[in-house]
Amino acid sequence: MEIWTVANQKGGVGKTSTTVALAGIAASEGKRVLMVDLDPHGSLSMYFRQEPDYTHKSSYTLFEKKDQLNSELVHGLVRVTPLKTLQLLPAATALATLERQMHACEGLGMVISKAMAQVKEDYDLVVLDCPPVLGVLMINALAACHQLIIPVQTEHLAIKGLERMLHTLKMLARSRPKPLPYVIVPTMFDRRTQAGVQSLRVLRNEYGDQVWQGKVVIDTRVRDASKAGVPPHLFAPSSAAVACYQQLYRQLIDHRVLTGGESQKTAN
C-alpha cells in the first residue's frame, strides 16, 4: 500500500480537487483506493455528500479510539462513492477540537499511520486530504505518507504560503530517517492572465526540479464535477484539467516527480 498526502499551509489552492482527481483516476485503473478526510471543514466529505456536522463515524473516531485500532474499526468508518473501488473515510467538525481535547495524550502524531497499517492489505493507495494549518492533523498526514503532493495556486499569495509549508518540511526532516519526497504542483493556471504566467515562472525559477514539469489549468468543469459528486474524470473525461491530472498521476506512480527530480521508489 502506498500513501499520498495532499497538503499546503494555504487554503483554496486545489487540495481537495487534487485528492479526488488523483484518487478517482487510480480507482478507474483498478486500484483499491481510500481517501481520508482530515480537514474539520470536510470539503472532501461534502464532495461525496457526507456532512461533517452530522457524521458520527469519521476520521475523528480514529483519534478517539487510538488505543483500540483494528481493521474492523477502520472499515466500519468507510463510506462508498460512485466508483466501486474508491472509498472515503469522512471528516467530522469535531476534528477542530482535537488538540484542545487530547493535547496531553501520547502518540497522537502517529494515529493515522497506525490506522492505515491495519488496512494495508485492503488498499493499494491511500490519499490523505489535510487542513491548511500546521497541527496534529497535518503532522499525522505527513508522518504517514510516502509521497507528499503540494498544490500551489499560480498566484502571488499562494506562493508565499508555500514557503511556510517548505519550512515545516525542514523541521520534520530532523525526525525522519530520510527526507519526505514531495512535489509542488502548480494549480488553477490561467495563461490568459499576467499574474498566472508570472507566478508559474517564479515557481519554476525559485524551486526548480521540486516543481512538477506540468501544470493543472483552470477549468470550471472541475467545480461542476464537485457539484455532481463524482470524480472529474467521470464527469468531464475530455476536459483540460483531467488531462493534466492524468499526466500527474502517471508520473507519480512511475516515481518520476520526487524531490530533486530523482527517480526513487517510495516505501510500500
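This is a predicted model: local features need pLDDT of at least 70, side-chain atom pairs count only at pLDDT 80 or more; totals for chains, interfaces and linings use all residues.

**The sheet and what packs around it**

Let me start with the sheet, which is open and mixed in its pairing, with 7 strands in the order 3-4-2-5-1-6-7. At its edges lie strand 3 (79–80) and strand 7 (182–187), each of which pairs on one side only. Two strands pair if DSSP finds at least two bridges between them, while strands (E, at least two residues) and helices (H or I, at least four) are DSSP runs, numbered from the N terminus.

Residues are numbered from 1 along each chain as its sequence is written, and side-chain values use heavy atoms, with hydrogens and water left out.

Inside the sheet, strand 2 (residues 33–37) pairs with strand 5 (residues 125–129) in the parallel sense, over 5 bridges, and Val36 has Leu128 as its bridge partner in strand 5. Helix 7 (residues 136–144) packs on the sheet, where it touches strand 1 (2–6), strand 5 and strand 6 (147–153). Is helix 7 enclosed or open, and how many of its residues are buried? The count is 7 of the 9 residues, so helix 7 is largely enclosed by the rest of the structure; buried means under 20% relative accessible area, exposed over 50%, and partly exposed in between, with a 1.4 Å probe and protein chains only. Among the buried residues of helix 7 are Val136, Leu137 and Met138.

Beyond its neighbours within four places in sequence, Leu148 is in contact with residues including Thr5, Leu142 and Met165, where contact means heavy atoms within 4.5 Å.

Finally, consider Ser239, which sits in the loop between helix 11 (232–235) and helix 12 (240–253). Ser239 is buried, with a relative accessible area of 2%, and, not counting residues up to four places away in sequence, Ser239 touches Asp219 and Arg221.

Technical notes
Axes are lines fitted to C-alpha atoms, for helices over the stretch in contact, and angles run from 0 to 180 degrees between N-to-C directions.
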